[in-house]
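Biologist: I would like to learn how to read a structure that is new to me. Could we go through it feature by feature?

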Amino acid sequence: MSKKLTINPLGPHIGALVEGIPSIASLSDKQFEQLHQALLEHQVLFLREQPITPLQQRNLALRFGDLHIHPIYPSTPESKEILVLDSHNKKPLNNDHWHTDVTFIETPPMGAILAAKHVPPFGGDTAWSSGIRAYETLSEPLRGLLSGLKAEHDFTKAFPEYQYHDSAEDHQHWLAGKAKNPPVIHPVIRTHPMTGKKALFVNAGFTTRIVDISQTESDAILHFLFEHAIKPEFQVRWRWQTNDIAIWDNRVTQHYANADYAPQRRIMHRATILGDRPH
């Protein structure tokens, strides 16, 4: 009989520590189902002391669904589905802003699994914020207004062209990514496909405008929503140790990777799990 996982909430609205398993790479079906249910409830899960290879990480992620291959970030030699986030002085972090991963595609990721391979002695924390709690704390009239609105999400907002001119190869890579990922439209408020809960679904990383209203109105609404979505009371913050793992529900969260550790280095591996079309 497989051992039951221990789920310890880290806050009232988001985040939980998972304990009680020697290796997340060898979960039984019952343990995986418990993990999945905990993810739906707590939105982001953390595990300590979980060394995992790229192939093991890929196989774990495949239990949730098909995987996304990122158009810009490099991947591991062992698995093209595991991208490498390697930040140091010559290659500073470029995702130190609040964002929801890969909302620039028609079916944004349902989730992601992030494994810490090398962390600085201090700094480099990541914070997650709950889009569900952000929606719940809006006034009823504002919820009604937003429920009928849609917004554009654009690959080039988080990956601007000027950052990819170090070489002709880098620029061609960027051009290919842009060509494959034209702007897409998603609802401002989305409904979780499994829980039915509603969540705010705009983020400063990729959302450029609300469609069918004036630019002035769009700018004002988005400015408010971007600030509202990341209130400290909606957040959980994680201080990384080597071999930590985080798993999050990308449909209802945003996150921010703190870039306060220069000149130290930070290496993370991420598996990105494809989701459904937001509605």
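Predicted model: local features only at pLDDT ≥ 70, side-chain atom pairs only at ≥ 80, totals over all residues.

Biologist: What does the secondary structure of the chain come to?

Modeller: The chain has 7 helices and 15 strands.

Biologist: How does the radius of gyration of the chain agree with that of a compact globule?

Modeller: The idea is to set the value against a rule based on chain length. For 279 residues, a compact globule would have a radius of gyration near 19 Å, and the chain has 18 Å, so the two agree. The C-alpha trace spans about 55 × 50 × 35 Å along its principal axes.

Biologist: How many of the residues count as buried?

Modeller: A residue is called buried when its relative accessible area is under 20%. By that cut-off, 53% of the 279 residues of the chain are buried. The chain exposes about 13,000 Å², and 52% of this comes from carbon and sulfur atoms.

Biologist: Now single residues. Where is glycine 15 found, and is it buried or exposed?

Modeller: Glycine 15 sits in the loop between strand E1 (6–9) and strand E2 (16–19). Its relative accessibility is 0%, so glycine 15 counts as buried.

Biologist: Which residues is glycine 15 in contact with?

Modeller: Leaving aside neighbours within four places in sequence, the contacts of glycine 15 are Pro9, Leu10, His42, Val44, Phe46 and Val236.

Biologist: What can be read from isoleucine 273?

Modeller: Isoleucine 273 is in strand E15. At 1% relative accessibility, isoleucine 273 counts as buried. Not counting residues up to four places away in sequence, isoleucine 273 touches several residues, among them Ala61, Phe64, Leu67, Pro109, Met110 and Ile113. The C-alpha atoms of isoleucine 273 and glutamate 19 are 254 residues apart along the chain and separated by 23 Å.

Biologist: Where does histidine 171 lie, and what does it touch?

Modeller: Histidine 171 lies in helix H6 (residues 168–180). With a relative accessible area of 16%, histidine 171 is buried. Histidine 171 touches Glu161, Tyr164 and His165, not counting residues up to four places away in sequence.

Biologist: Which residues does a cis peptide bond join?

Modeller: The angle to look at is omega. The bond between alanine 262 and proline 263 is cis, with omega about 5 degrees. Proline 263 is in the loop between strand E14 (253–257) and strand E15 (266–273).

Biologist: Last, the rings. How many aromatic pairs does a search of the whole structure find?

Modeller: The search finds 13 aromatic pairs. In one of them, the rings of tryptophan 128 and tryptophan 248 have centres 5.4 Å apart and planes at 55 degrees, so the pair is tilted. Tryptophan 128 is in strand E6 (residues 126–130) and tryptophan 248 in strand E13, so the pair ties together parts 120 residues apart in sequence. Both tryptophan 128 and tryptophan 248 are buried.

Biologist: What about phenylalanine 155 and tryptophan 174?

Modeller: Phenylalanine 155 and tryptophan 174 also form a tilted pair, 6.5 Å centre to centre with 35 degrees between the planes. Phenylalanine 155 is buried, as is tryptophan 174. Tyr73, Phe104, Phe155, Phe159, Trp174 and Phe206 form one aromatic cluster.

Terms used
Residues numbered from 1 in each chain as written. Heavy atoms only, no water. Helix = DSSP H or I, 4+ residues; strand = E, 2+ residues; numbered from the N terminus. Buried < 20%, exposed > 50% of the residue type's maximum accessible area, 1.4 Å probe, protein only. Contact = heavy atoms within 4.5 Å. Rg over C-alpha atoms; globule rule 2.2 N^0.38 Å. Areas by Shrake-Rupley, 256 points an atom, 1.4 Å probe, with all protein chains shown as cover. Phe/Tyr/Trp six-rings, centres within 6.5 Å; stacked < 30°, edge-to-face > 60°.
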